[in-house]
Amino acid sequence: MKKKNKEIVLRTIISNAPISRADIAQHSGLNKATVSSLVNELIEEEFIYESGPGESSGGRRPVMLLFNKKAGYSIGLDIGVNYILGIVTDLEGNVVYEQHQSIHNLSFDEMIHLTIEMIKNLIEHTPQSRYGVIGIGIGVPGIVDKNGKVLLAPNLKWSHVDLPDILHREFDYPIIIENEANAGAYGEIRFGAGVNCNNVIYVSAGIGIGVGIILKGELYKGINGYSGESGHMTIVVDGEKCRCGNSGCWEAYASEHALLNQAKHILPGATLEELIEIAEENKNVKEIFNEIGSYLGIGISNLIKTFNPQQIIIGNRLAKAKHLIEQPTIKSINKHTLDFHQKDLQINFSKLSIYSAALGVSAFAIENFLSIGKD
Ligand SMILES: [Zn+2]
């Protein structure tokens, strides 16, 4: 009970800082003596600190309390198909160090080796603090079970990878593995384009396509955590072969992989970044972006009709081509949805650009650390 109350006090401070002891009591419903003793403990443990006196309407000015965002640091990794991004953040999600590595056709062992080396480097660059590294969050483009096991990541060619077990052999920190689209959705509602929205569909468009679903402010993961595999919804019957084994999947038409696949007839080996640059002067390349945007809009239309969301956020690598795909995407959405569904709907690109998923998993690790009331 005491631990639960302590967490309530801490969370009240995090959401309302700067705040006085009296206001914490009022917000939380706990009595003043309890608040006072729990605040003293939290100060002792360096979770919070006292600032100068705050505003007061007459009488003695109360001492204000603030959350110590530098009490510890979180590590977030986004393992993509053609990159790994790692960040170190403080407890409010501010990035204090980052490392980005492009990768190409790595074997499973090489990928794991690189992941471990990157985590070691991030730990080395974590600032000194009371709690040091408080946890590691990792986003993976695939189906992740409740224990963090990666059941299937077709674009990485991973199946049944017990990532927490592999990493716990190297690192003695809490480790959270999450689907990257779920992580990206959480990152965007915590820190990005979705901050003021409660019903958000985040479309992570990279080499594959994943979807993170936020309903009533919370991440919806389905009964076993496998929701949002919309990249593999069929949009063309007997269409293009997909790497999941099915054919006609959305991501076979609207992902970075689909883009590169089509562009290879024009510019073999060109990367997304190179194609974005060339598109301005090459109308064939521009046309491919157009087509990718149209197909992106078709899948998004299906999601809009299913969820009637307040906001769609398009993120991950294809968001870099916003100026090329935004118009065809919106045109296609307008064409394939009804007016009812378009009402009050916002369509935005990710605000955190490539950081959505890394910030999301880092935030999951922070949430876990701050859950001091759990048994
Ligand atoms: Zn598929």
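Reader: What spacing do the donors of the zinc ion follow along the chain?

Author: The spacing is H-x9-C-x1-C-x4-C. This is a predicted model, where local features need pLDDT of at least 70, side-chain atom pairs count only at pLDDT 80 or more, and totals for chains, interfaces and linings use all residues. Residues are numbered from 1 along each chain as its sequence is written, and side-chain values use heavy atoms, with hydrogens and water left out.

Reader: What makes an atom a donor here?

Author: A donor is an N, O or S atom within 2.8 Å of the metal (3.2 Å for Na, K and Ca). Water is not among the atoms, so sites may look incomplete. H232 (ND1), C242 (SG), C244 (SG) and C249 (SG) coordinate the zinc ion at 2.0 to 2.4 Å. Those distances are within 2.8 Å, so the four atoms count.

Reader: How do you know whether H232 and C249 are buried or exposed?

Author: Buried means under 20% relative accessible area, exposed means over 50%, and partly exposed is in between (1.4 Å probe, protein chains only). H232 has 19%, so H232 is buried. C249 has 0%, so C249 is buried too.

Reader: Why is L338 called partly exposed?

Author: Its relative accessible area is 49%, which lies between 20% and 50%, so L338 is partly exposed.

Reader: What makes a set of residues a nonpolar core?

Author: The members are buried Ala, Val, Leu, Ile, Met, Phe, Trp, Tyr and Cys residues, joined through side-chain atoms within 4.5 Å. The largest such core has 34 residues. V203, W250, F289, L296, I300 and I312 touch the most other members. Helix α10 (283-307) gives the largest share, eight residues. Helices (H or I, at least four residues) and strands (E, at least two) are DSSP runs, numbered from the N terminus.

Reader: Which residues does I300 touch?

Author: Contact means heavy atoms within 4.5 Å. Not counting residues up to four places away in sequence, I300 touches V203, W250, I312, I314, T329 and I333.

Reader: Why would such residues gather at all?

Author: In soluble globular proteins, nonpolar side chains tend to be buried together.
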